[in-house]
Amino acid sequence: WYICKMKAVTISKNGGPEVLELKDIKLNDPKSGEVLIKNEAIGLNYIDTYHRSGLYPVKLPSGIGIEGAGIIEKVGPDVNNFNVGDKAAYASMPIGSYATHRIFPTKKLVKVPNEIELENVVTLMTKGFTVFYLLHKTYPVKSGETILYHAAAGGVGQIFCQWAKSLGCTVIGTVGSDEKIEIAKANGCDHVINYSKENFAEKVKEITNGVGVPVVYDGVGKKTFDQSIECLKVRGMMVSFGNASGPLDPCNVTKSLAPKGLYLTRPSIAHYTTTREELDEAANKVFEMFITKKFTLSIFKKYPLLEIVKAHQDLENRKILGPAVIIP
């Protein structure tokens, strides 16, 4: 009976949401350094659409999804830091979280405090880890700084703006439509610019009295890159960490970076969770910020695994205003 109930979403070719297929699966016992997790909640992230479309190539056929949380049901040999019954979560390769059960390596797994529900954890892992490295590692912000964040009403943006405010920053956020302005304000933005209607570079210069900002955090990509460069002050840092509007064009270093001596970086969670110590530091900080209510989250929508095609359609059509989760 157990095998019949195990299901996973797979892709055998790249394309639109319609290439996602839900199939029965059979899993072997976990090997050394692995555990079997029964997923209770699965993260829905924009990177999943890149794996599906082929923008970020994966070897096909493949599972999909990088984030999940659940209960450990079996442990492999030599596993001594996790036990059957533990609440655990992950947000990394290997790909394949869109599943009821999966085998996962313990080196990429973190224990979840009892105070946090598993449904909330999958809104925290990828999105929370991203905010942690952006604000504390890539460009460690200082209290009193004015910073720019694109897509301030999105899942990452809502956590980012609250977290940045708790550190004493003045946050300028951009959004793509008027309906998202109030969401961004409610989550801590001091200034909100609708970049579909206004030239955000000009607005940022106004807000900063012509000085510009020390850092731009940009997960939008193609549409926002050039104006983001304009927003930066001398020796500012352009942090490009996503491509929601499409992949970036090649950067002309002489034109874009040289005039103001700018820094350009393209970070990801993987770069900041390379060791067990880094992974635990990120997890502990994210869980602490959530438990102490430095940021709050409300799940925007829950999708059953059966409705995964709809979930991807909604995600790409910008219908999801905040964190969404998949319930197996």
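## Basis of the model

The model is predicted, and local features are described where pLDDT is at least 70, side-chain atom pairs count only at pLDDT 80 or more, and totals for chains, interfaces and linings use all residues. Residues are numbered from 1 along each chain as its sequence is written, while side-chain values use heavy atoms, with hydrogens and water left out.

## The chain as a whole

The chain holds 11 helices and 16 strands, where helices (H or I, at least four residues) and strands (E, at least two) are DSSP runs numbered from the N terminus. Its radius of gyration is 20 Å, which agrees with the value near 20 Å that a compact globule of 328 residues would have; the radius is taken over C-alpha atoms, and the globule rule is 2.2 Å times the number of residues to the power 0.38. Along the principal axes, the C-alpha atoms fill a box of roughly 65 × 40 × 35 Å.

Of the 328 residues, 51% count as buried, a term that means under 20% relative accessible area, with exposed meaning over 50% and partly exposed in between (1.4 Å probe, protein chains only). Contact means heavy atoms within 4.5 Å, and among contacts between residues at least 6 apart in sequence, 68% join residues at least 24 apart.

## Helix α4

Helix α4 covers residues 155-166, and its end C-alpha atoms lie 18 Å apart, which agrees with the 16 Å that its 12 residues should span at 1.5 Å a residue; the expected span is 1.5 Å times one less than the number of residues. Because 10 of the 12 residues of α4 are buried, the helix is largely enclosed by the rest of the structure.

Among the buried residues of α4 are Val156, Ile159, Phe160, Cys161 and Trp163. The elements that cover the buried residues of α4 include the helices α3 (118-138), α5 (181-186) and α10 (276-291), together with the strands β9 (146-149), β10 (170-175) and β12 (213-218). After α4 comes Gly168, which has a positive phi, near 95°.

## Residue Ser53

Ser53 belongs to helix α2, which covers residues 46-53, and with a relative accessibility of 34% Ser53 counts as partly exposed. When its neighbours within four places in sequence are left aside, Ser53 is in contact with Asn14 and Gly15. Ile11 stands 42 residues from Ser53 along the chain, and the C-alpha atoms of the two are separated by 9.9 Å.
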